[in-house]
Structures are given as structure tokens and as C-alpha cells.
Protein chains: 2
Amino acid sequence: MSANTEFESQLQKRVEYAEQVIEKYLPAAEGNQKTVIEAMNYSVLAGGKRLRPVLLRESFELFHGTPEELAQPFMAAMEMIHTYSLVHDDLPAMDNDEYRRGRKTTHAVYGAGMATLAGDGLLNYAFETALKASAFAGEHQDRLIAALKVLGEKAGIYGMVGGQCADIEAEKRSDLTQEELLFIHENKTAAMIESSLMIGAILAGAAEADVQKMQRIGHNIGVAFQIQDDILDVTGNQEELGKPIGSDEKNGKTTYVTLFGLEKSKQDVAALSEEAVRLTQQLGEEDAFLLQLIRWLISREK
Amino acid sequence: MSANTEFESQLQKRVEYAEQVIEKYLPAAEGNQKTVIEAMNYSVLAGGKRLRPVLLRESFELFHGTPEELAQPFMAAMEMIHTYSLVHDDLPAMDNDEYRRGRKTTHAVYGAGMATLAGDGLLNYAFETALKASAFAGEHQDRLIAALKVLGEKAGIYGMVGGQCADIEAEKRSDLTQEELLFIHENKTAAMIESSLMIGAILAGAAEADVQKMQRIGHNIGVAFQIQDDILDVTGNQEELGKPIGSDEKNGKTTYVTLFGLEKSKQDVAALSEEAVRLTQQLGEEDAFLLQLIRWLISREK
């Protein structure tokens with residue numbers, strides 16, 4: 001088996017584990033509120049990379065966290081928050097998307113009102129689910145509280161919701177500054193990657209300095225991932241990407257590439273990636289799966 | 001001063017205190033995410049009875065909770081959750097209301113996309129805010145976690161969101177059963193009254209049996225309040241109520257009165273109210289403000 005397929009099979013195993021954990025924590029669709037629960041589960045089970053729960057667990061393992069069950073509720077919570085953001089993003093009042101990953105979006109199936117409620121239900125249930133970790137935190141309830149604080153901060157107005165707000169407003173303008181574009185990338189995407197890595201470390205009892213390193217690693221992965229997205233829109237293979245090339249330019253969208261040029265964009269991806277790799281090497285074994293995952297995420301061609 | 005105006009001035013004082021607490025915990029509208037924060041604050045500062053934070057604090061006081069600052073973050077969180085539910089309820093995809101309390105609704109001012117996001121931001125920020133209580137919980141972090149669990153459960157699919165789902169579905173039907181109508185009243189309205197009273201007690205360190213009593217009191221207040229609403233739609237004074245009489249019947253809406261008749265409805269309000277009063281008397285002084293508040297809430301004519 002080549003190094004690459006060995007990595008891919010490792011990744012596949014971890015994604016499958018994350019999916020088992022997510023399913024375990026989904027609420028049963030029953031009672032007078034059956035429909036909203038069905039809509040929530042439909043949204044979460046629509047698939048996806050399960051990147052955030054996988055990262056959370058890798059970080060938990062890197063710092064030798066136990067027991068397994070302590071990280072699980074947060075893995076599920078992370079995916080619920082990510083999913084609710086997509087459900088609300090797809091609403092007619094937002095991006096008005098009928099399809100996502102080849103499947104009808106939640107509002108296309110359940111209506112916009114029920115989809116709004118399903119998103120609310122998911123966000124709320126994420127906190128309910130994360131709190132279930134308290135049964136496995138033993139004497140370390142302080143770690144649970146610290147993890148909940150990071151979960152809240154990075155998902156809200158000082159994280160994902162804040163980035164989403166800036167993104168909505170950016171769509172109306174063509175004179176976006178570098179600072180504003182970076183704010184969007186850092187908050188809309190990177191914040192939840194940061195919190196996944198930080199929460200895994202916090203629950204495992206990592207030192208504050210190491211939690212900060214995980215935040216930096218998450219920041220770099222998230223921002224590099226977004227810049228790579230902008231690069232691929234210019235240089236990518238339409239077939240591999242599954243979407244038309246040059247759509248950003250056609251839509252007059254300010255991207256990292258329109259602001260900085262292709263060369264500088266590639267350099268920045270490389271620099272962010274290298275720093276993330278270096279920080280990860282400082283923290284664990286040389287051949288940690290997390291290291292390969294970072295490289296894979298940033299160097300992707302689709 | 002008559003007993004009634006004495007009560008009203010006491011209530012006014014408590015509402016003002018609740019508003020100070022709420023304002024203290026609202027986020028500053030600044031940064032690239034300024035608009036969503038402005039929309040959140042606009043929504044929360046639109047006024048209202050501040051019933052949930054007032055009840056939370058009364059319960060905290062009844063069980064001699066200290067310090068004051070321990071209850072405050074939860075008072076603010078409760079109002080944020082109540083407000084987000086109104087903001088999303090008013091959306092074009094839900095009730096499509098342009099005005100609430102004589103003021104433009106959030107989506108009428110900021111657009112449906114930003115209002116959706118402001119609701120999300122408020123729900124998320126409610127948990128962030130409640131977590132700030134950990135700084136004042138000292139060695140009682142277990143109380144904080146127990147309070148967060150109740151906050152989550154009563155706001156989500158096994159509480160308010162669940163009731164909201166059943167209510168949306170009920171609007172399409174004219175054959176609502178008693179069980180279904182009661183489910184809506186118990187979850188859409190009563191759940192958050194229950195959690196306010198329960199959280200006050202939990203944070204103060206009340207015994208589990210007393211927390212259960214507070215839940216029952218909250219249940220009775222919430223359900224009686226809703227039945228009274230249905231009664232007033234038939235018997236009320238249009239001028240005092242500020243809305244047309246008989247609108248439920250005209251809209252073919254199933255209400256407690258259409259299901260059980262006026263006489264039985266009045267009897268049930270009285271029974272629920274009496275039980276709530278009796279339970280409250282068991283818990284504290286005979287002349288507790290909470291006792292008068294319960295009577296006032298249930299016997300209202302508008």
C-alpha cells in the first residue's frame with residue numbers, strides 16, 4: 001500500500017468512527033416534535049467530511065485524553081453546529097440553495113420555517129449534547145466548562161456567526177479590504193477548526209500553552225484551506241473540482257487571489273501550512289496522523 | 001398605597017433591575033460583525049415584560065442564593081433565548097410579522113438573512129453568557145452545569161423548539177387533540193417559565209425536591225397563562241387587550257376554550273393557579289412577592 005492510500009484508509013476509519021459517534025448522539029424522531037427532529041437528523045446525515053469531529057478526536061488523542069466518551073459528545077456537538085450553519089446558510093433568505101452535495105437541502109424538503117427551526121434545534125442540541133460529557137469528566141468538570149466556553153465563543157459572534165455576518169455584507173460590495181477578507185476566512189471557516197483542536201486538547205487536560213498552539217494550528221489550517229479554495233477557482237481542474245472554474249472572477253468577488261495575486265497566495269498557503277506542521281511536530285510524534293491530515297487538507301486539488 | 005399599586009411598584013423595580021442586568025451583558029456593537037450585534041441588541045432592547053429574568057431572580061432569592069452575580073448571567077441568557085425565539089418567529093418564513101410591540105421587527109429593519117443570523121447569534125450568546133456565571137460559582141461548579149443542562153433542555157426540542165414545531169404543524173390542521181394542544185402550551189410557553197424558576201433554585205443550591213416544585217409551579221403558570229389567553233380571546237375587552245376579540249374562532253383555531261368550553265377552561269386556570277400558589281406557600285414566606293406575581297400573571301385581563 002502506498003503512503004497515500006495508507007493515509008486515506010486511516011482517514012476513512014476515523015471518518016467512520018466520527019459518523020458512529022454523531023449517530024449515537026442524534027435525538028430519536030418521535031413525539032409531537034417529530035418533524036423538527038426528522039429535519040435535524042436529515043441535515044446531519046446528509047454526509048460531509050466530518051472534519052471537525054475528526055480533528056477534535058485527533059487532538060484529544062495527541063494529548064492522551066481519556067476516557068473516549070469524554071470527547072464523543074463534543075465531537076457530535078461540533079458537527080451539529082457546523083450542520084446548523086449550513087442549514088441556515090441554504091435558506092431562501094440567505095443563499096437560497098436547493099441542493100447541497102447532490103441532495104435536497106433541508107428547507108427544500110421541510111420548508112423554510114421548519115428548516116429555520118431545525119437549525120435552531122441543532123444549535124441548541126449541540127450545547128445539550130456537549131453537556132453530556134459531564135458524566136465522563138469525573139473530577140475535571142473545570143475542563144468541561146473551559147471546553148464549553150471555547151465551543152460557544154468560536155461558534156458565535158466572535159467566531160463563525162461573526163464571519164457569516166461579515167460575509168453577507170461583503171457580498172454587497174466590491175471594495176473589500178485585505179483585513180476584511182481575512183476576518184471572514186478567520187471567523188467563518190477557521191474558528192470552528194480552531195475550536196475543534198482546542199477542545200480536544202482542553203478535555204485531555206493539555207497545558208494552556210499547548211491549547212494556544214492548537215488554536216494557531218487550527219487558524220492556519222482554516223485560513224490556508226480558504227486561500228486554496230480561491231486558488232483552485234483560478235487554476236483548478238473543473239472536472240475534479242465539480243464546479244466551474246473562474247466563477248469568483250465572473251461574479252466580481254473579492255478573493256485572496258484578486259487581492260494578492262496567484263504567486264503570493266501560493267506562498268501564503270505554503271507558509272501557513274509549514275507553520276502548522278512545525279507546531280504539530282513540536283507537540284507529538286513525527287508521524288502523527290494529524291500531521292498528514294494537515295498536509296492533505298491544505299495541498300488538496302479539489 | 002393600595003396593595004395593588006404596592007405590588008406594581010415592586011414589580012416595576014424588579015423589571016428595571018432585570019433590564020440593567022440584560023444591558024450589562026449585551027455585546028458591544030463593534031468590529032466587522034457590527035451589524036449582527038446591532039440587530040441582536042435591537043431585538044433584545046425592543047422591550048417586553050422581562051418575565052423570565054424576573055422569575056429567575058425571585059427563585060434565586062427565595063432559596064437565599066448568593067452572590068447576586070451568579071444569577072445575573074442566567075437572567076440575561078434567559079431573555080436572549082426568549083428574544084431569539086421571537087426574532088425567528090417573526091421571520092417571513094414563519095409568521096411574517098412586520099411589527100411587534102409597535103416597533104418594526106428585526107427582519108423588517110435588518111432583512112431576513114441578518115435577522116436569521118441575529119437569532120442564531122442570540123441563542124449562541126445566551127450559552128456564552130450563562131457560562132460567565134462560572135466566575136461566581138466558586139466551589140459550586142456542579143450547580144452551574146446543572147443549570148446549563150436545564151437551560152438547554154427547556155429551550156430545545158424537548159422544550160420551546162419542540163412546542164414551536166408542534167405549533168407550526170397545528171396551524172395546518174383543525175382537528176387538534178387535547179393532548180396536542182396541551183403539548184404546545186407546555187412546551188412553547190411553559191418550558192421557559194419552568195427553567196427560569198428551576199435555574200434560580202439550582203444556582204441557589206436548593207434541594208432536588210424543591211427544584212421539582214419550582215418546575216411544577218412554572219408549568220402551572222405557563223399553562224394557565226396560555227389558557228387565560230384563549231379565554232380572553234372570547235370574553236376580553238378589545239380595548240384593554242389591544243387586539244380584536246374572537247380572532248381565534250374566526251381563524252378556525254383550536255383553543256382550550258373550543259376544546260373544553262369556557263366554564264371548564266376557567267376552572268382549570270383556577271386549579272392550576274391554586275396549586276402553584278399552594279406550592280409556593282410551602283416553599284417560602286406567606287407574603288413572598290413571587291406569590292403575588294403568580295396571582296397577577298394568571299388573573300390578568302389583558
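User: In this predicted model, how many of the residues of α6(B) are buried?
Analyst: A residue is buried if 20 or more other C-beta atoms lie within 10 Å of its own. By that cut-off α6(B) is mostly covered, and of its 20 residues the number buried is 20.

User: How far apart are the end C-alpha atoms of α6(B), and what span should its residues give?
Analyst: At 1.5 Å a residue, the 20 residues of α6(B) should span 28 Å.

User: Which helix gives the most to the side of chain B that touches chain A?
Analyst: The contact takes 43 residues from chain B and 43 residues from chain A. On the side of chain B that touches chain A, at least two residues each come from α2 (34-44), α6 (112-131), α7 (141-155), α8 (160-170) and α9 (178-204) of chain B. The helix that gives the most, with 13 residues, is α6(B).

User: How many nonpolar residues does the side of chain B that touches chain A have?
Analyst: Sorted by class, the side of chain B that touches chain A has seven charged residues and 14 polar ones. The nonpolar residues on that side number 22.

User: What kind of axis relates the two copies?
Analyst: Chain B can be laid on chain A by a turn of 180 degrees and a shift of 0.0 Å along the axis, with an RMSD of 0.0 Å. The two copies are thus related as by a two-fold rotation axis.

User: What percentage of the interface residues of chain B are also interface residues in chain A?
Analyst: The copies meet through the same surface, because the share of interface residues of chain B that are also interface residues in chain A is 100%.
This can be set beside the count for the contact, to which chain A gives 43 residues and chain B gives 43. The percentage asked for is therefore 100%.

User: Which residues have the most contacts inside the largest nonpolar core?
Analyst: The largest nonpolar core has 181 residues. One of those with the most contacts inside it is Val36(B), which, not counting residues up to four places away in sequence, touches Ile157(A), Val161(A), Gly162(A) and Cys165(A) as well as Met114(B), Leu117(B), Ala118(B) and Gly121(B). The residues with the most contacts inside the core are Val36(A), Phe74(A), Ala118(A), Val36(B), Phe74(B) and Ala118(B).

User: What radius of gyration does chain A have?
Analyst: Chain A has 14 helices and two strands, and its C-alpha atoms fill a box of roughly 50 × 50 × 40 Å, taken along the principal axes. With 302 residues, a compact globule would have a radius of gyration near 19 Å, and chain A agrees with this, having 19 Å.

User: Is Leu290(A) buried or exposed?
Analyst: Leu290(A) lies in helix α14 (residues 289-299) of chain A. Leaving aside its neighbours within four places in sequence, Leu290(A) is in contact with Glu58(A), Leu62(A) and Thr280(A). With 24 other C-beta atoms within 10 Å, Leu290(A) is buried.

User: What separates the C-alpha atoms of Lys149(B) and Ile199(B)?
Analyst: Lys149(B) is found in helix α7 of chain B and is partly exposed, with 18 other C-beta atoms within 10 Å. Lys149(B) and Ile199(B) are 50 residues apart along the chain, and their C-alpha atoms are separated by 9.5 Å.

Notes: Residues numbered from 1 in each chain as written. Chains lettered and ligands numbered in written order. Predicted model: local features only at pLDDT ≥ 70, side-chain atom pairs only at ≥ 80, totals over all residues. Contact = placed C-beta atoms within 7 Å. Helix = DSSP H or I, 4+ residues; strand = E, 2+ residues; numbered from the N terminus. Nonpolar A, V, L, I, M, F, W, Y, C, P; charged D, E, K, R; others polar. Rg over C-alpha atoms; globule rule 2.2 N^0.38 Å. Core = buried A, V, L, I, M, F, W, Y, C linked by C-beta atoms within 7 Å. Buried ≥ 20, exposed ≤ 12 C-beta atoms within 10 Å, placed from the backbone. Least-squares fit on C-alpha atoms with pLDDT ≥ 70 in both. Expected span 1.5 Å × (residues − 1).
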